[in-house]
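Open the model in your viewer and keep the selection tool at hand.

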Amino acid sequence: MLHLREEIASRSIRSIQRTHTDDRYDDEEAQIAAQSPRTESSPRVTFSTPTADAPASDDSSQTRSATDDDTDAEAVERSARQFCCNTTTSQPETNVSFAPQASSSNLTRSATKTPSQTLEAVYSTGQYKAALRLDILSVQSFMAGIYIAMAGQIFLSVGGGVLGAGLFSAGLLGVVLTSGELFTGDALVFVAALLGGRVKASSVARNWTVSWCVNFVGCLAWAFVIGYASDALQDLGKAEYAVAVAEKKAGQTFLGTFLKGIAANFMVCVGVWQATCAEEVSGKVLALWFPITGFVASGFDHCIANQFFFPLGMFLGADVTVGNMFLKLLAATMGNIVGGGFFVGAVYWYVFDSMQSVQQLKSRIRTGLRTSLALRSSLGLSRK
């Protein structure tokens, strides 16, 4: 009887100790929950404790009850560890960034085109220009003449030299950024597009004729209204310089003007090619500035620029005849076609697209020969 009482007392003590242990872990759980915010998915740890009224069992149950404290302590430790891990890993990871995120297309975009892509862009430009309505072609050609005359006015206003050559690039930049129809630039575009099979010869003749003539109209309009009637150059004391420039160009030989025309439009079309290669406006400005400055500073002959210098000098009293003016314009025009059309347009067509175009040309020739032979045979049979 005494032994039974001692056993009941010891069980009661163990139960009280277990209750205190559970209360301690409950406090620790509350502290963990306060330090680490719980999410809805966090597990809730619950504990169960045996009551003191549990019936007595055999010797094996007594042995098991002796190890209950260690087992419960390990379970509580595992549950608490799992609880801490769950509350930590279940937090959603959010990266807050207020900087603008660049799209993948912008990250992969190149600042320049490859040479082959530049040639394709030249082809597309030629197709666009060939499809222009006559009124749009005329307006764009007139504006291109205005831009070049504006550049010539700036050149004369500062007295030429390196400064005037550097500022002359403003005219070509205006033409390029507005897709103007400048004859010298179209020499590059249409020769390449014609050799590449993208435009017809009739489109080339139409564009060159309209652009050359209407460029001349634009230059004449600026030369008379701004250069002469406004007295702008007289106010700056540069009228005599304009006369000297016109007389000097008129006094050159035909061959000299032709050769200078080759050099001038070679440099202009190199600048146009580089500007086409560039994707950004800043790149186009730099690509145009150096070759344009170089050709003006070298004194080369650009036929559209001469369409401004000759009439303006004649308005101001230069000793230049109309016949001599057109003769030197013809020489400069021929040189511009060779320098821009063949030494730039044809060369880069040959380098980057000649094989495919030559194969297409051979195919067209074979098709034409077969068609002609078929026609001849059919005509011979019909005669018989």
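How many aromatic pairs does the count come to? The count is 13 aromatic pairs, where rings of Phe, Tyr and Trp (its six-membered ring) pair if their centres lie within 6.5 Å, and planes under 30 degrees apart count as stacked, over 60 as edge-to-face and the rest as tilted. Select W289 and F290 to see an edge-to-face pair, 5.0 Å centre to centre with 90° between the planes.

Before moving on, a word on what is loaded. This is a predicted model, in which local features need pLDDT of at least 70 and side-chain atom pairs count only at pLDDT 80 or more, while totals for chains, interfaces and linings use all residues. Residues are numbered from 1 along each chain as its sequence is written, and side-chain values use heavy atoms, with hydrogens and water left out.

Now colour the pair by accessibility. W289 is partly exposed at a relative accessible area of 37%, whereas F290 counts as exposed at 54%; buried means under 20% relative accessible area, exposed over 50%, and partly exposed in between (1.4 Å probe, protein chains only). Then select F155, Y241, F308 and F309, which ring pairs link into a cluster.

Switch to a cartoon view. The secondary structure comes to 15 helices and zero strands; helices (H or I, at least four residues) and strands (E, at least two) are DSSP runs, numbered from the N terminus. Two packed helices are described by the angle between their axes and the distance between the axes. Here the axes are lines fitted to C-alpha atoms, for helices over the stretch in contact, and angles run from 0 to 180 degrees between N-to-C directions.

Select helix α6 (residues 134-157) and helix α9 (residues 201-229): their axes come within 7 Å and cross at roughly 45°. That makes α6 oblique to α9, since angles under 35 degrees count as roughly parallel, over 145 as roughly antiparallel, 65 to 115 as roughly perpendicular and the rest as oblique. The contact of α6 with α9 has 14 nonpolar, nine polar and one charged residues. In these classes Ala, Val, Leu, Ile, Met, Phe, Trp, Tyr, Cys and Pro count as nonpolar, Asp, Glu, Lys and Arg as charged, and the others, Gly among them, as polar.

The axes of α8 and α9 come within 10 Å and cross at roughly 180°, so the two are roughly antiparallel. Residues making the contact include F183, F190 and L194 of α8 and W208 and W212 of α9, contact meaning heavy atoms within 4.5 Å.

Next, pick helix α12 (residues 254-277) and helix α13 (residues 281-297), whose axes come within 8 Å and cross at roughly 175°. That makes α12 roughly antiparallel to α13. Among the residues in contact are M267 and V272 of α12 and L288 and F295 of α13.

Two single residues are left. Leaving aside neighbours within four places in sequence, T118 is in contact with K113, W273, T276 and C277.

Finally, go to L330 in helix α15 (residues 322-383), which counts as partly exposed at 43% relative accessibility. L330 and F254 are 76 residues apart in sequence, yet 8.8 Å apart in space, C-alpha to C-alpha.
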